[in-house]
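Colleague: I would like to learn how to read a model like this one, feature by feature. Can we go through it together?

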Amino acid sequence: METQTGYSITDPLLDEIIEKYSGKPGMLLTTLEEAQQMHPWKYLPGETLAAIAQKLRIPPAEVYSVASFYSFFNLAPQGKHTIVVCRGTACHTRGSKALLDEIPSILGISSAVKDGGSSFTTPDKLFTIRTVACFGQCAQSPVVEVDGVMHSNVNSRKLMSLLSSVLESETEKNEQR
Ligand code: FES
């Protein structure tokens, strides 16, 4: 079945993932994790959750509840680059709200994630910006994760440099095309 991104993990691929983790502890989590990784937009479409539930003989509601509980699972398509700003108390105290607010102007986009935990993906699916409650690195706050790499003690200058590198890499790729 087609998803909103036009791509759904095929049955044989899901069978392969399930077989790999069959009978192992944490099978559901690892299956969901790998299925998400396999998707070009790094998320778990409803069709994939339903297929996993059916194949593992687990109630669909249980699979959905696991996928929605853990913040590392995405239920909506993700951008090519992901920027996650910690909004926990320690990071908030050290300026993470200002960092979150600076991101749209650095990236040249008009909208951004609303403070409070949701996420925003640009229509061209180049960037996803989201917040997290705590990375567990409070001593090094504020913490910002860019494309899976965590950066500590981030200030405006550091944020600008991190995001400029991402933008430059995109410009280079476009010039090579
Ligand atoms: S509050 Fe940001 S890492 Fe804990």
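This is a predicted model: local features need pLDDT of at least 70, side-chain atom pairs count only at pLDDT 80 or more; totals for chains, interfaces and linings use all residues.

Colleague: In which sense do β1 and β3 pair, parallel or antiparallel?

Modeller: Strand β1 (residues 81-86) pairs with β3 in the parallel sense, over 6 bridges.

Colleague: Why is β3 described as largely enclosed by the rest of the structure?

Modeller: Burial here is a count of neighbours: a residue is buried if 20 or more other C-beta atoms lie within 10 Å of its own. In β3, 5 of the 6 residues are buried, so the strand is largely enclosed by the rest of the structure. For the chain as a whole, buried residues make up 24% of the 177 residues.

Colleague: What is the order of the strands in the sheet?

Modeller: The order is β2-β3-β1-β4-β5, in an open sheet of 5 strands with mixed pairing. The edge strands are β2 and β5, each of which pairs on one side only. On average, neighbouring strands are turned by 15 degrees against each other, direction ignored. Glu-145 has Met-150 of β5 as its bridge partner.

Colleague: Which strands does helix α6 touch?

Modeller: Helix α6 (residues 96-107) packs on the sheet and touches β1, β3 and β4. Its direction makes about 155 degrees with that of β1. Helix α7 lies across β1, β4 and β5, and runs at about 10 degrees to β4.

Colleague: Now a pair of helices. At what angle do the axes of α1 and α2 cross?

Modeller: The axes of α1 (residues 11-21) and α2 cross at roughly 145 degrees and come within 9 Å. The crossing is right-handed. On the α1 side the contact is made by Leu-13, Leu-14, Ile-17, Ile-18 and Tyr-21. On the α2 side the residues are Met-27, Thr-30, Thr-31, Glu-34, Ala-35 and Met-38. By type, the contact residues divide into 8 nonpolar, 2 polar and 1 charged.

Colleague: What about backbone geometry? Which peptide bond is cis?

Modeller: The general idea comes first. Most residues other than glycine have a negative phi, and most peptide bonds are trans. In this model, the bond from Ser-141 to Pro-142 is cis, with omega near -5 degrees. Pro-142 lies in the loop between β3 (127-132) and β4 (144-146).

Colleague: And what is the phi of Lys-42?

Modeller: Lys-42 has a phi near 45 degrees, a positive value in a residue other than glycine. The residue lies in the loop between α2 (27-38) and α3 (46-56). Lys-42 is partly exposed, with 16 other C-beta atoms within 10 Å. Asn-153 also has a positive phi, near 50 degrees. Asn-153 is found in the loop between β5 (149-151) and α7 (156-176), and is partly exposed, with 13 other C-beta atoms within 10 Å.

Colleague: To finish with the whole chain, which domains does the assignment give?

Modeller: The domain assignment gives domain 1 (11-69) and domain 2 (81-176). Their centres, taken over C-alpha atoms, are separated by 28 Å. The secondary structure comes to 7 helices and 5 strands, in the pattern α-α-α-α-β-α-α-β-β-β-β-α along the sequence. The C-alpha trace spans about 50 × 40 × 25 Å along its principal axes.

Methods. Residues are numbered from 1 along each chain as its sequence is written. Helices (H or I, at least four residues) and strands (E, at least two) are DSSP runs, numbered from the N terminus. A residue is buried if 20 or more other C-beta atoms lie within 10 Å of its own, exposed if 12 or fewer, and partly exposed in between; C-beta atoms are placed from the backbone. Axes are lines fitted to C-alpha atoms, for helices over the stretch in contact, and angles run from 0 to 180 degrees between N-to-C directions. A crossing is left-handed if the near helix is turned anticlockwise from the far one by less than a right angle, and right-handed if clockwise. Two residues are in contact if their C-beta atoms, placed from the backbone, lie within 7 Å. Ala, Val, Leu, Ile, Met, Phe, Trp, Tyr, Cys and Pro count as nonpolar, Asp, Glu, Lys and Arg as charged, and the others, Gly among them, as polar. Two strands pair if DSSP finds at least two bridges between them. Domain bounds come from an automatic or database domain assignment.
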